[in-house]
Amino acid sequence: SARARREAGIDPVCHTLFGAALARSGLASRTALGGTALIVGANLPDLDGLAYFAGPAADLAWRRGWSHGVLALGLLPFGLTGLLLLVNQWRRRAWPTSDARAVIPRRLLFLSFGAILSHPVLDTLNTYGVRWLMPFSGRWFYGDALFIVDPWVWLLLGTGVVWSWLLRRRRTAAQELPARLILCLTMLYMAAMWVSGVLARNTITQKSEEMFNGRVGQIMAAPIPISPLTRRFVLEQDSVYRVGTFRWLADPQVDVTSLRSFPRGRPVHPALTAAESTKVMRRFLSWARYPTFTVQQMGPDSYLVQVIDLRYARDSGRGFGSLRIPISLPQSPGTRPEAD
């Protein structure tokens, strides 16, 4: 779905603007096709978006994996550089006087590497995560610093790109300065959001342990759009997940009225066992970070297994982060399981 594509990581607009800002900062002038390498490279790891055509939940199983992992990060720059060199040869034959600058392969490779590396770095900053060690390990890494579509990052990067472009059109000196300045400010904003997340997690952990008298395990304090001072959190505590809202400027900072609890762990039920054997459930669980399950009896022999990932959903439905699987379990008399 369109929403699933938006949730899959830092949006393509952000990656494109980051590549364009790098180009406007003066890096594109290092070699012919330098700007192309930076913008294309900043988006190239998202070639795994083709997984959307491989069936239900295939995107969850494949996105942010192979093309974002260490092996791809070592190989993709050479592939992009080789492709651009071929394009340059074709361009030279078709338009011999189109660009007086020469392509310098080693500089093109350097720019390709930097642009491609920027992609998983930015993707790691949100709650979806990146499997940096693929194909050697499927471990997910999460930054929980930025929302998937952060309008402030758009505004900063867009300002730098347009400002430097205008100065270039007017042939003004120091035309790269705005893009360089904005890149620095963007990185400072990202660092501040990461620090904010770390401090928010510490505060939420302390308050939750005081309120519920139990040790907090893993915790996520996720940013929301527009407001950088508000976060939605999910934490593990005993046999439940607790979710709620945290606001830096509120008192109390943990909104007690927003707190909800969800069961943690997988219920013992034949319908859930059957659901876990399906491809779509296996794919979903390979991606889910905070899964909570329910099994609902729909008829004498039919059940509805529902799982949601509390990062993105709070109630079962058909939206992103939620999965429903109907299960039929014909039972012999006296052996029908109880629904949870």
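Colleague: Which residues does Leu 157 touch, not counting residues up to four places away in sequence?

Modeller: Leu 157 touches Cys 14, Leu 17, Phe 18, Ala 21, Ile 182, Leu 183 and Thr 186. Contact means heavy atoms within 4.5 Å. This is a predicted model, where local features need pLDDT of at least 70 and side-chain atom pairs count only at pLDDT 80 or more, while totals for chains, interfaces and linings use all residues. Residues are numbered from 1 along each chain as its sequence is written, and side-chain values use heavy atoms, with hydrogens and water left out.

Colleague: Which residues touch the most other members of the largest nonpolar core?

Modeller: Leu 146, Val 153 and Leu 157, in a core of 33 residues. A nonpolar core is a set of buried (under 20% relative accessible area, 1.4 Å probe, protein chains only) Ala, Val, Leu, Ile, Met, Phe, Trp, Tyr and Cys residues joined through side-chain atoms within 4.5 Å.

Colleague: Which helix gives the most to this core?

Modeller: Helix 2, with 7 residues. Helices here are DSSP runs of H or I, at least four residues, and strands are runs of E, at least two, numbered from the N terminus. There is also a second, separate core of 24 residues, including Trp 287 and Tyr 312.

Colleague: Changing topic, in what order do the strands of the open sheet run?

Modeller: The order is 5-6-7, with antiparallel pairing. Two strands pair if DSSP finds at least two bridges between them. Strand 5 (291-297) and strand 7 (322-328) are the edge strands.

Colleague: Over how many bridges do strand 6 and strand 7 pair?

Modeller: Over 7 bridges; strand 6 covers residues 302-309. Tyr 303 stands opposite Ile 327 in strand 7.

Terms used
Buried means under 20% relative accessible area, exposed over 50%, partly exposed in between (1.4 Å probe, protein chains only).
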